[in-house]
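Welcome, and please have the viewer ready. Let us walk through this chain together, one stop at a time.

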Amino acid sequence: MELNTTFVNPDILTTGQPFEKLFPIQKETLAAISQDMELNGFDPVFPLVVWKEKNVLVDGHTRFAAARDMHLDQVPVVYKSFEDEDDALLYSFHAQRNRRNMSDDDIVKCLALLDVMHKKDETDQKITRKAENETRAKELGISPQKVDKARKVMEHGSPDIQEEVQSGEKSINKAFNEVQEQRRESGEIGGKKTDGLGLSAKYTQSLGKFLKELTRIRENGWQEVSQEKAVADIEAILDLIRD
């Protein structure tokens, strides 16, 4: 069925979850689109997609934000019907995936979304982990190996590591290596442990926690511990490393 583009005032459109959180607006992308829109207007070739029955924006949140910033009184819209929220989410996911190179934090987020959706449609048929990873890899446009690494990070990684991947601070591959190192050191899995202080996942994790706590103390004006003591402790750490 052909979908027709119509022009409406953006003020009559609504936004909401979970569509807003699926692919959060990036400041750099918003700035670039706003600049282009200021020069060339809103390109009707890329209209906003709105859930017809709910009047909720499903795809085009960055373009919508740019149009609001430009105070446009008319934007191109395609109204589309969806069976339910999952159907609308899958449409939004595929539209975004086809337009962009997904970052690792996008991959983790969308992997979780797809897992939840597919579990709702599960039958009694058993699906192996390998087959499931291959299915998700095709949906996400990445390798099955990367899907497996992402799963292991979210299943076995510490809350800090998971948060770093979800926020885009750490890549899936780097987080996976750290998680596997921690599991080897704990004896959970076999394999040769990595030698060397700089490559130790446990060291990296401990250092990260130490720096976060030190930053918190500094922001409180060193009320909990003197700056002199902190410097002395760091010098003691240096002596320990050099021995």
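What follows is a tour from the whole chain to single residues.

This is a predicted model, in which local features need pLDDT of at least 70, side-chain atom pairs count only at pLDDT 80 or more, and totals for chains, interfaces and linings use all residues. Residues are numbered from 1 along each chain as its sequence is written, and side-chain values use heavy atoms, with hydrogens and water left out.

Let us begin with the overview. The protein chain has eleven helices and four strands; these are DSSP runs numbered from the N terminus, with helices being H or I of at least four residues and strands being E of at least two. Of its 243 residues, 35% are buried. Here buried means under 20% relative accessible area, exposed means over 50%, and partly exposed lies in between, using a 1.4 Å probe and protein chains only. Contact means heavy atoms within 4.5 Å. Among contacts between residues at least 6 apart in sequence, 68% join residues at least 24 apart.

Our next stop is strand 1, which spans residues 5-8 and holds Val 8. Val 8 counts as buried because its relative accessibility is 11%. Leaving aside residues up to four places away in sequence, Val 8 touches Leu 13, Asp 73, Gln 74, Val 75, Val 77 and Tyr 79. A further pair to look at is Val 8 and Pro 76: they are 68 residues apart in sequence, yet 6.7 Å apart in space from C-alpha to C-alpha.

Move on into the loop between strand 1 and helix 1 (19-22), where you will find Asp 11. With a relative accessible area of 56%, Asp 11 is exposed.

Now for a pair of helices. Helix 2 (residues 27-40) packs with helix 3 (residues 61-69) at an angle of about 55 degrees, and their axes are 9 Å apart. The axes are lines fitted to C-alpha atoms, for helices over the stretch in contact, and angles run from 0 to 180 degrees between N-to-C directions. Helix 2 and helix 3 are therefore oblique to each other; angles under 35 degrees count as roughly parallel, over 145 as roughly antiparallel, 65 to 115 as roughly perpendicular and the rest as oblique. On the helix 2 side, the contact is made by Thr 29, Leu 30, Ile 33, Ser 34 and Met 37, while helix 3 contributes Thr 62, Arg 63, Ala 65, Ala 66, Ala 67 and Asp 69.

Two residues with positive phi come next. Asn 55 is not a glycine, but its phi is positive, about 55 degrees. Asn 55 lies in the loop between strand 2 (48-51) and strand 3 (56-59), and it counts as partly exposed at 23% relative accessibility. His 71, likewise a residue other than glycine, has a positive phi near 60 degrees. You can find His 71 in the loop between helix 3 and strand 4 (75-80), where it is exposed, with a relative accessible area of 71%.

In helix 4 (residues 85-99), look for Ser 92. Ser 92 is buried, with a relative accessible area of 3%. Not counting residues up to four places away in sequence, it touches Leu 22, Val 58 and Asp 59. The C-alpha atoms of Ser 92 and Val 58 are separated by 6.0 Å, although the two are 34 residues apart along the chain.

In helix 8 (residues 159-166), the buried residues include Ile 161, Gln 162, Glu 164 and Val 165. They cover an arc of only 160 degrees around the axis, so they sit on the same side of helix 8; the arc is that of the directions from the helix axis to the C-beta atoms. Gly 168 follows helix 8, with a positive phi near 85 degrees. Helix 9 (residues 172-186) holds Gln 180, which counts as buried at 11% relative accessibility. Gln 180 touches Lys 152 and Ile 189, not counting residues up to four places away in sequence.
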